[in-house]
Amino acid sequence: MCNRLIIVQDFLHKGRSVKGGLWPLKAEFMESKDLKAKDLSESKSKFELSSFGSIVLPFSLIILQIWLCLYLFDFYEFHSKAFSVACQVFLGGAVLSWMLPKERRAVMLIFSGLLGAFFVFTPMTAAGTILVLSISAYVCTTEIKFKFKVTLLFLLAALSIFVAAKIKISDAWSFDKLFLTSIGSVFAFRLILLLRYMKYSNEKLSLQDAFSYFLLLPNLTMSFSPVLDFESFINDFKKEEDFKVYQEGIDKVFEGILQLIIYRVIKNGFSEPLGMVMSYGDLLKFMLFNYMTYLSVSGTFHIALGALALYGISVKRSHNQYLFATSFLDFWRRINIYWTDFMTNVFFYPTYFKMRRLGHRLSLVITTSIVFVVTCLMHSYQYYWIHGKFSLQIKDLLYWFIIASFVVWETVQEDKFGKKRENYSWSILPFLKHAFRISIMLLLITTLWVLWASESVSSFVSVYYRLRLENFKEFFWLAPFVFIGLLGAYLPRSKWISLEKRLRFFPWARRRDIINSVILVGLCFIGRYSFEKSLNDADRRILKIVKRERFYYKPENYRTLPNLSFYEALNTKKSHLSSKEVNFTLKKAKEEDIGYPIEKKTNSLRVALLGSSMSNGWNNGDEKILSWAKGVQKFLNKKGYPHIEFLNFSVAGNSLAQYPYLLEQQVIDFNPDIYVFELGTTSFKISKKNISLMFNSGVFPYPDAYELFHVRDKSSIEALNYPENFPDDLLIKYFEWSFKRSSELVSKTKGKPFLLLLPQANRKPIPSYERQDEVLNIAAKHGFESIDLRRAFDGYRYDCCARPDGNHYNEEGTDLVSKAFLEKFLPYLDRTQKLRSLSSVSTGRKEK
Amino acid sequence: MSQIKSKVKDYILENLLKGGKSIEITDHTHLLENGIVDSISTLHLVVFIEKEFQVKFEPHEVKTQNLQDLEHIEKFILNKVAEK
């Protein structure tokens, strides 16, 4: 408090721009105490106004913007609650750090990281993260051989992965998936840079430096974070920073927030699954918006870097107007500059200089190629830390190969003929050439981005097969590409930037601070009162635009199957089971039961969905019944898939406990080609309850599964009597049996089984949810393909998609699940249909 | 401006910035962030420095921190010369 008073007093006596934060002012003020009273009184009037204008107001403006940003993080919850809370803690810590002398800032950085970890993660994850990072920092600073250090760190990473997977004290005391993400943010790339520094630097690494480098809070919560170089980080931290650094910091945070909001609007309102692309217009639209979803990454980078700058670390920009790239090489240099620098410093330069005896040009080609091979592998490595498995598909290889080929070619050209610098004259021809190059480049990059975003190369190619031209107006969607080209050519020629610098509303404030503050206030206001609503409207578009319905079956048939008293009984155990009045008569399906023909039409592709209330739709009596499957059905009708019949056999309360029986008794009769089995978020809990109820009411319909439960040990008896004591391992054994049985039944109709994993409606901890991967692997062993939608709500508020009960989806949730399902499922349908048509053509030929 | 800085600056202006718009290069102008040099022209710049000042870059020494501006380049060259 005393310090603050001195600083405030100092403001009134000093008229200078702030260097080194607020702290140096104190020291200078103390020195100036010897000034004579007369001098003070003379200088006071002279400095009072200017110091207030040059220090207090600019700082106040930054604090105002930070405060507004904190509110926006709270309201919009970008990416995840963890990320938003992390940003709030980190930004708040930055403001407090201004009160500290420069040498103590690193401590504040560490403190906000430690504190934030406990705000953001579960206690066990936070403790685990801090422990692993502390040990890593300690190992890095110990006086042992470099090779031992690397080995120890490698072992530590392996041990962390093992512990995260195996150690679980209880549901509340277990590592959540953010544990891998958080330590992955260090082990993935930052550790490489730190090790490189240690290997070549003569300076001794301090524990504080290593720890503060590891514990950058926003980065911990996001695997997509800038690869900040350790040397630059530590040098910048030690530098005497300027007030300008704080201003740049808040600018970056502001830009990041803006980008994340635009990303959210695009994702909610405009982006559609690749499976929905049917025409050239759809494709152009998809290309553009799919590429624009990269704003999520660039926005996050801006926020992470801006927050660091607010601690006085001068950070460079992470992206440089990548939409305006004019070549692949230019694109590589503009997008994710931190990555480019990482690759250049760690791989490109050292490799080139080791190989240059082979000749300059050849070394250049080989080195550039190596950079892209490593980039491709590193993306897979990063994927591991995010998703827990490596991912390197043909489409990834193809994507990187195409980009690498262009970059290598352009590198050689640039090396031969020198860099072509843009002629920024206002003559028509250079202007149009520049704009044209930007537009073409954007078309190429967005096309490649579609390949990268596709499920596979074949699903990417299948899009082009099904394209049709409804009318030439569809090419209107080329307009944004042309516009971006013209804008990219105009901006560097215009005087806009220098004008921005010159115009100032007030002498004491940057124009930018005023504009940012006004926009932030606007965003707070919009966010509070109408933004969310408008997004919901946009996101309901799929259902709204469906007016032209071409049904094979009517929507009202889309309902719970009748005469399923057995299943209903399970859901109303009080009235039925307590009195042992279970009606265990599941009628064989008839057409009139579900109002739908059992006979399949020639060439139709029948899909059966077996699920719970998550798929069937649910309400609590006074709400609309919402079902994501309904959205799927409507889309199929709208987009001209008349040959696909989507039959929903889902029943509220069903789970894997009932599927084999339902399959045998009803579904098989409809002879489906594809079977989708839902593994709902609460399927563990519901299955345990259902199996228990079946046993206790004497209606367990699977004699060959008896042996699983008739082991007369304490656990299985308890499991059957008390669902809450039902061990997960026993249930998983049952699941395995269920998959095996279902797979046998499905093979009778030559059908293909899929296991559908749905996203959690509200992301609250669900018992045993983390074991879904295990179930997925077991299903795969029995020939099930997976449709994994668990991440369909990523990037949305944690509660955006849930109904008040917390388990079921609201309208936004059902729409998102519909979209995500189509995105994953349509490529498979297309492939199947294509194979069929090929086979029918060949059969036709034979018949002729 | 020292002789080292002046020679490096002249090389950049004559060889790496030819045909482009005129850019004022001071001792602290960030060469990479301002697009004056890039990864490829850095290779040429390093070869020039090695020839002109008779110093040798180790592979790990070719990095942004050593080549970010004229000030850092001079510092690096002087260190190298002192090491000899």
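Okay, helices H6 and H8 of chain A. In this predicted model, H6(A), residues 123–141, packs against H8(A) at an angle of about 10 degrees, and the two axes are 10 Å apart. Angles under 35 degrees count as roughly parallel, so H6(A) is roughly parallel to H8(A).

Who's touching whom? On the H6(A) side you've got A:Thr125, A:Gly128, A:Thr129, A:Val132, A:Leu133, A:Ser136 and A:Cys140. They meet A:Leu178, A:Phe179, A:Ser182, A:Ile183, A:Val186, A:Leu194 and A:Met198 in H8(A). By class, that contact comes out at 9 nonpolar, 5 polar and no charged residues.

H8(A) turns up again in the core. The largest nonpolar core has 119 residues, and the ones with the most contacts inside it are A:Cys69, A:Ala86, A:Ala307 and A:Leu308. Which element gives the largest share of this core? That's H8(A), residues 178–200, with 12 residues. Then there's another core, apart from that one, with 62 residues, including A:Leu758, A:Val775, A:Ala792 and A:Leu816. As general background, nonpolar side chains in soluble globular proteins tend to be buried together.

Okay, on to the strands. Take E3 of chain A, residues 674–679. Why do we call E3(A) largely enclosed by the rest of the structure? Because 6 of its 6 residues are buried. In a regular strand, side chains alternate between the two faces of the sheet, and here you can go through both sides. On one side sit A:Ile674, A:Val676 and A:Glu678; on the other, A:Tyr675, A:Phe677 and A:Leu679; and all of those are buried, so both faces are covered. Do note A:Glu678 in that buried list.

E3(A) has strand partners too. With E1(A), residues 605–610, it runs parallel, joined by 4 bridges, and A:Val607 stands opposite A:Ile674 in E3(A). With E4(A), residues 752–757, the pairing is also parallel, over 6 bridges. There, A:Phe677 stands opposite A:Leu755 in E4(A).

Last bit, the other chain. How many residues of chain A are in contact with chain B? It's 21, against 17 residues of chain B. On the chain A side, helices H11 (230–238), H16 (337–355) and H18 (394–417) each supply at least two residues.

How values were computed: Residues numbered from 1 in each chain as written. Chains lettered and ligands numbered in written order. Predicted model: local features only at pLDDT ≥ 70, side-chain atom pairs only at ≥ 80, totals over all residues. Core = buried A, V, L, I, M, F, W, Y, C linked by C-beta atoms within 7 Å. Buried ≥ 20, exposed ≤ 12 C-beta atoms within 10 Å, placed from the backbone. Pairing = 2+ DSSP bridges. Contact = placed C-beta atoms within 7 Å. Axes fitted to C-alpha atoms, helices over the stretch in contact; angles between N-to-C directions. Parallel < 35°, antiparallel > 145°, perpendicular 65-115°, else oblique. Nonpolar A, V, L, I, M, F, W, Y, C, P; charged D, E, K, R; others polar.
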